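Here is a short tour of one protein chain, starting with the whole fold and ending at a single side chain. Have the model open beside you as you read.

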Amino acid sequence: MIGLGKLGGRTWVVTAAALAVLLVANVILQHNFLEPSVIQSNLTTFLPLVLVAIGQTYVILGGDIDLSVGAIVALVNVVTVTVIAGLGGDGTAVVLGLLVGMGVGIGCGLINGLIIAGLRFQPIVTTFATSIVFSGLALWVLPQAGLPVPEPYWRTYAGTIVGIPTVYVIYFVAFLIATFLAARPFMTRLKAVGGQRAAAFQTGLNLGRLRVSAFALSGLFGAFASLCLTGETASGDPLMGQSLAMSAISAVVLGGTALAGGVGGALGSVLGAWVVGMIGSVIFFAGLPFEYQTLVQGLIILAALAGGVLVTRR
Amino acid sequence: MNRFLELAKNPLVISSAAILALLVIGELVSPGFARGDQIVRLLTVSAILGIAAAGQNLVILGGREGIDLSIGAVISLGAVIAGNVMNGSDAAIPLAFAAACFAGFLIGLVNGLGVTYLRIPPLVMTLGMMGVIQGGLVVLSRGVPSGNAAPALMAFVSRSAFLGVPGILFVWAAIIVLMALVLKRTRFGWSIYAVGSNENAAVLTGLPARRIRVLLYGLAGLFGGFTGVCVIGYTGNSFISVGDQYVLPSVIAVVIGGTSLSGGAGSYTGTALGAIALILLQSVLTTLNLEFWGRQVIFGVTLLLLMLLYGRQARLRV
């Protein structure tokens, strides 16, 4: 435990270790685990959670929380699918659909941010209320699941771009954005807002703008996640992504970002999201009776959350 | 004028006014909405949410970002346990209540221990616990709905016990009186406010802040288990996600009722009014001949407008 004492504030090291253990366990349990196609399929499954968790990180760093991101995922999905179908479903329609989808995500995030930072609302209850509104709008746009996306969309998502699997390109772009933001003054300021709000205010930081930007980022990454899910399901679903918000919060906390704000980073959340996904995978391949899988998964996640908090506390 | 403004900002006044306005709107839209038996029916639905919100109210009052996201899973657990204990037999109703409340209380204690002694943030602790209970429910029920409510329990929730009012409303009224007495008139009640508003000061005056907080989470679980039994009395049988729909509405009822999410201020009377206002709002929206999506959007926007009246955070500039 003495060695662990030096980890103060670095839960992500513990998470990385947990991830390594999970990887070894998975290799033992699933013999073809290291085949490129299996790796790719696992990473594809985890991608939406990874993206939502990255976005959620910024909101949590700023001392807020976004429970509406699941509803944003659904709204972006139905809007994108509808726009693509409405424009005839050719290449231009797909590109426009993607852009409109991202716009919707950012728009939803801006609404959250402006209400919460501008009107001084409580983030938990506010994003719950806006999530009701966003899900309502999603049902208005597309009352029932359906409306397939054109073949090039899902074929590209499952295929490659310039020889590299599309999913890896998306991971790379997400990493790039996260690393870029991590090096910007924005990040330091956001952490100041989350960690010491009154002090940050006294140093003259524009708290409102920083918090609104964080919510907009969460909306944008929610849109990314939604567009990826759309690539997987290849159709519209107004109820898509409902459990993502809660899982993403677990992922962010596992990744070492403090819920109280101020400490952590997006790359840790990526590790956290992988851990959440890998726990499910290991349990599936461990051959537990079906009805015990959810319980074991819940226990492991609770233990991991508690463990992460404990180890970094000393 | 100042007096008037102060009165208009009182959460109890706001939620009472909202309730009256909603009744008037409901009656205008669909005559008969505010008829006696309709109001009793609405109050019955409110009672279930209200009892769940009692637990939520306690942990929120206790401060330190207190919140219980596992309350929905505890409600489901209570319903499943009660259904299996009763299995249609009236004689087993007391045992069903006891078993559900005890299970809820134990889970709440674990939440409380995690939050206080391991210092896990309440949101994370109760979110993790929610996953564990949901998994436990799958094991308990093997994925199929099992157990059903005893006839007397269903009568307790939906049939008249006295003058057209079902038993559950008398129980809720008793809970409201009891909560008010405990919170405002007992040492334990005062210490909840003390711990919730300034924990350090509370500890320095010799209050066992940790034990109080553990107990609050335990009580939240107990109320959740109790709610679960009421839910199965209302629906007749249980499924393992029956409680999910109460999680965030219970928080909203507390906020609309004027309890601050940062703890230490508020009352259960307000929360009860908040629960009634929430159920009335949903019911008015149902009577409006709107499509589902329209109802959802108006519901969400109305919640935001209600929060505009209070529940806002303090300004940083003084």
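Accessible areas here come from the Shrake-Rupley method with a 1.4 Å probe, and for residues only the protein chains shown count as cover. On that basis chain B exposes about 13,700 Å², and carbon and sulfur atoms supply 67% of this area.

This is a predicted model, where local features need pLDDT of at least 70, side-chain atom pairs count only at pLDDT 80 or more, and totals for chains, interfaces and linings use all residues. Residues are numbered from 1 along each chain as its sequence is written, chains are lettered from A and ligands numbered from 1 in the order written, and side-chain values use heavy atoms, leaving out hydrogens and water.

Some overall values for the chain:

| Property of chain B | Value |
|---|---|
| C-alpha box along the principal axes | roughly 60 × 50 × 35 Å |
| Buried share of the 318 residues (buried: under 20% relative accessible area, 1.4 Å probe, protein chains only) | 53% |
| Contacts (heavy atoms within 4.5 Å) at least 24 apart, among those at least 6 apart in sequence | 75% |

B:Asn57 counts as buried because its relative accessible area is 0%. Leaving aside residues up to four places away in sequence, B:Asn57 touches B:Val254, B:Thr259, B:Ser267, B:Tyr268 and B:Thr271. With B:Thr259, the side chain of B:Asn57 also makes a polar contact of 3.3 Å; such a contact is a pair of N or O atoms within 3.5 Å, where within protein one must be able to donate a hydrogen and the other to accept it, and residues adjacent in sequence count only if both atoms are side-chain atoms.

Definitions and conventions
Buried means under 20% relative accessible area, exposed over 50%, partly exposed in between (1.4 Å probe, protein chains only).
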